[in-house]
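Take a look at the model below.

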Amino acid sequence: MAAALYKTEAIVLRGYPFGEADRVIVLQTAEHGKVRDVAKGVSRGKSRLAAAAQLFTHGSYLLWQGRELDGISQADIVRQSHLLTADLGALAAASYAVELVDSFWEDRQEAPEAFALLRENLDWLSAGGPPGAPFLRRLELQVLAAAGFAPELEACVQCGRALAAEARYVPSRGGLCCPACGGEGRPVGPAGAAWLRALAGADLDRLPPPPGQGAADVAAALYSHVTYILGHPLRSRGMLEIL
Ligand SMILES: [Zn+2]
């Protein structure tokens, strides 16, 4: 019996060797969540699927359904991966974006918003958008929101009071707290809190610049929220710290 075929847009999150000649490619698809697909022959370097199996590639994939693993039958490439690997900053930011999506969503968990945000952010980096702090902080906020963990930024998440100048970010409570409720949290300062609010609704082409004070606290606060939810650090974060 012939394997069932299905077609979907997808982005390559990562890959690993499978047998001597093949690779398993982890794809974030538009309609079927995250799937693992065998790309036959790509480790031998002669497969016509080689470009479609590269990290960050966005393509239209024809996939076959297997019993345990699916496989790639054909692919039309929408955006090549090399646009993202030519620049070290873009590469580090793109690696962080795919690791965030890979970590927050499970295999087969339908998440069209995960695919959409990944496509938007990788397209922007491919087009030469700066991969600096405003991009990275907006990305973290976007991933948190899409995964159902949008941080509360307007009022104290605990008591609901309006936030005065000394707002603190408390990952275990899910956002900003007043000083009375968030004693153990990280102070982000009034400029940091304002930057968080501006980033949460910003378009990529209108990213609010980092404030003179509080940007590093916002970075630490959002990353601690990410790791609090995931329960582990992200590998790609190391490269960002170096850059
Ligand atoms: Zn409070």
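This is a predicted model: local features need pLDDT of at least 70, side-chain atom pairs count only at pLDDT 80 or more; totals for chains, interfaces and linings use all residues.

Setting aside neighbours within four places in sequence, Leu 122 is in contact with Ile 11, Phe 56, Arg 79, Leu 84, Ala 94, Ala 97 and Val 98. Leu 122 also belongs to the largest nonpolar core, which has 56 residues. Together with Tyr 169 and Leu 176, Leu 122 has the most contacts inside that core. Among the elements that each supply at least two residues of this core are β1 (5-18), α2 (88-104), α3 (112-126) and α6 (215-230). The largest share, 11 residues, comes from α2. Domain 1 (1-127) and domain 2 (132-242) each give this core at least three residues. Apart from it lies another core, of 14 residues, including Ala 10, Val 35, Leu 49 and Ile 72.

Now turn to the two domains. Their centres, taken over C-alpha atoms, are 29 Å apart. Across the boundary, 17 residues of domain 1 are in contact with 25 residues of domain 2. The two domains bury about 2000 Å² between them, and 75% of that lies on carbon and sulfur atoms.

Seven residue pairs are in polar contact between domain 1 and domain 2, both residues at pLDDT 80 or more. Two salt bridges are counted between the domains. The side chains of Arg 235 and Glu 99 meet in a salt bridge, at 3.9 Å from N to O. On the side of domain 1 that touches domain 2, α2 and α3 each supply at least two residues. The largest share of that side, 10 residues, comes from α2.

How values were computed:
Residues are numbered from 1 along each chain as its sequence is written. Side-chain values use heavy atoms; hydrogens and water are left out. A nonpolar core is a set of buried Ala, Val, Leu, Ile, Met, Phe, Trp, Tyr and Cys residues joined through side-chain atoms within 4.5 Å. Buried means under 20% relative accessible area, exposed over 50%, partly exposed in between (1.4 Å probe, protein chains only). Helices (H or I, at least four residues) and strands (E, at least two) are DSSP runs, numbered from the N terminus. Domain bounds come from an automatic or database domain assignment. Contact means heavy atoms within 4.5 Å. Buried area is the accessible area (1.4 Å probe) that two parts lose on being put together, summed over both. A salt bridge is a side-chain nitrogen of Lys or Arg within 4 Å of a carboxyl oxygen of Asp or Glu. A polar contact is a pair of N or O atoms within 3.5 Å; within protein, one must be able to donate a hydrogen and the other to accept it, and residues adjacent in sequence count only if both atoms are side-chain atoms.
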